[in-house]
Amino acid sequence: MLAALFVVGLLMASSSSWSQAATGSLNVHWNEGAKDCKANPQAPIEVHAYNPQTFILRENLCATFEAPFMYLLIGSTKALLIDTGDVTDPERMPLAKTVMNLLPGAEPSKLPLLVVHTHRHLDHRAGDGQFAHLSNVQMIGWDLDSVRRYYNFADWPNGLAQINLGDRTIDVIPTPGHNATHVVFYDRNTALLFSGDFLMPGRLLIDDADANLASSKRVAAFVKDRPVSYVLGGHIEFDSAAKTFAWESQYHPHEHALADVEGRSARSAVGCQQLQRLLHRKRQVYPGQFDSHPHRHGCYCRCGAGCGRAGADCVHSPPQARPLKGQAPR
Ligand SMILES: [Zn+2]
Ligand SMILES: [Zn+2]
């Protein structure tokens, strides 16, 4: 009886810590792009309000096959934009305009904006220039030195940093692996984990397997004692059956959800990391021509719908599956 009471007490304690996280909605159907983008013009950017202080922005598939997600978090003294997407031209992609319109306050006393990146790949920072001339906007550099310096990581990739938005604190977790500069953000207010290309319903491309394994362990340890409402990544490359869309496809019918609703718990995030660990232990890596460093290894893994479940798998990717655009490291 005592034991039963103890269990009930534990359950209540855990549910009350869950209830502290500000809730929101992921009830959104993202634009699926088009088979023929010329014949079917699309709005360049979509905005979904997760809640009144949290916005999910996505570049349209017809504007860029990467269709990256960006996140805008509003605090009481500052707002935070995570990533600036894959399109530079403000005529084609009015990102800064869209973001500034979402910020509370009227010009010239808009809420100050801090712009950060999950990592240096061009599809997450091509829109940086749109913010360069705006007052009250601080942009953090995307190279490793800038990232370490700004967050004051003395022992990168160990340690945590915080961003203070007033009444809203964001934890920053170094997660090199996909790319050497990668970080993951955790919003204590909503318990959302913004995972960039480290974890998403799509191809998990890993530039440095050992670093990624260590990052996976760090994230797993981080989420162990914290609630995670959803894990929100940088792209969706799966359909609803967790099959990968063709590389560079601009048409995503029946696209997988951004965050697996069943995968909303911390447990599932840990499961996904465990999956990655397993993959690394098996060394399912092979020479990769799908990243910027031809002599390194890349691993092409699927970790989305199957995240944390037995059906999740890692598949071998033909090198041609990742022909990059010949850009600077992305
Ligand atoms: Zn990337
Ligand atoms: Zn990306």
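What percentage of the 330 residues of the chain count as buried? In this predicted model, the share that counts as buried is 45%. The chain has five helices and 15 strands. Of the contacts between residues at least 6 apart in sequence, 65% join residues at least 24 apart.

One part to look at is an open sheet of six strands, ordered β1-β2-β3-β4-β5-β6, with mixed pairing. At its edges stand β1 and β6 (137-139), each of which pairs on one side only. From one strand to the next, the twist averages 20°. Within this sheet, strand β2 (residues 54-59) pairs with β3 in the antiparallel sense, over five bridges. Phe55 stands opposite Leu72 in β3. Helix α2 packs on the sheet and touches β1, β2, β3 and β4; the direction of α2 makes about 25° with that of β1.

Helix α2 itself covers residues 95-102, and its buried residues are Leu95, Ala96 and Val99. Seen down the axis of α2, these buried residues fall within an arc of 90°, so they line one face of the helix. An α-helix has 3.6 residues a turn, so residues three or four places apart point the same way. Lys97 and Asn101, on the other side of α2, are exposed. The partners of the buried residues of α2 are β1 (45-51), β3 (69-74) and β4 (79-82), against which they pack.

A second open sheet has five strands, in the order β7-β8-β9-β10-β12, and its pairing is also mixed. Here β7 (161-164) and β12 (230-233) are the edge strands; each has a single partner strand, so one side of each is left without a neighbour in the sheet. Neighbouring strands of this sheet are turned against each other by 25° on average, direction ignored. Four bridges join β7 to strand β8 (residues 169-174), and the two pair in the antiparallel sense. Ile163 has Ile170, in β8, as its bridge partner. Helix α4 (residues 209-224) packs on this sheet, where it touches β8, β9 (183-187) and β10 (192-196). The direction of α4 makes about 150° with that of β8.

Next comes the nonpolar interior. In soluble globular proteins, nonpolar side chains tend to be buried together. The largest nonpolar core in this model holds 59 residues, and those that touch the most other members are Tyr71, Leu72, Leu80, Leu81, Val184, Leu193 and Leu232. Strand β3 gives the largest share of this core, with six residues. Leaving aside residues up to four places away in sequence, Val184 touches Ile173, Thr175, Leu193, Phe194, Ser195, Gly196, Phe198 and Val219.

Last, consider a residue in helix α3 (residues 144-151), namely Asp145.

How values were computed. Residues numbered from 1 in each chain as written. Chains lettered and ligands numbered in written order. Predicted model: local features only at pLDDT ≥ 70, side-chain atom pairs only at ≥ 80, totals over all residues. Pairing = 2+ DSSP bridges. Axes fitted to C-alpha atoms, helices over the stretch in contact; angles between N-to-C directions. Contact = placed C-beta atoms within 7 Å. Buried ≥ 20, exposed ≤ 12 C-beta atoms within 10 Å, placed from the backbone. Arc of directions from axis to C-beta. Core = buried A, V, L, I, M, F, W, Y, C linked by C-beta atoms within 7 Å.
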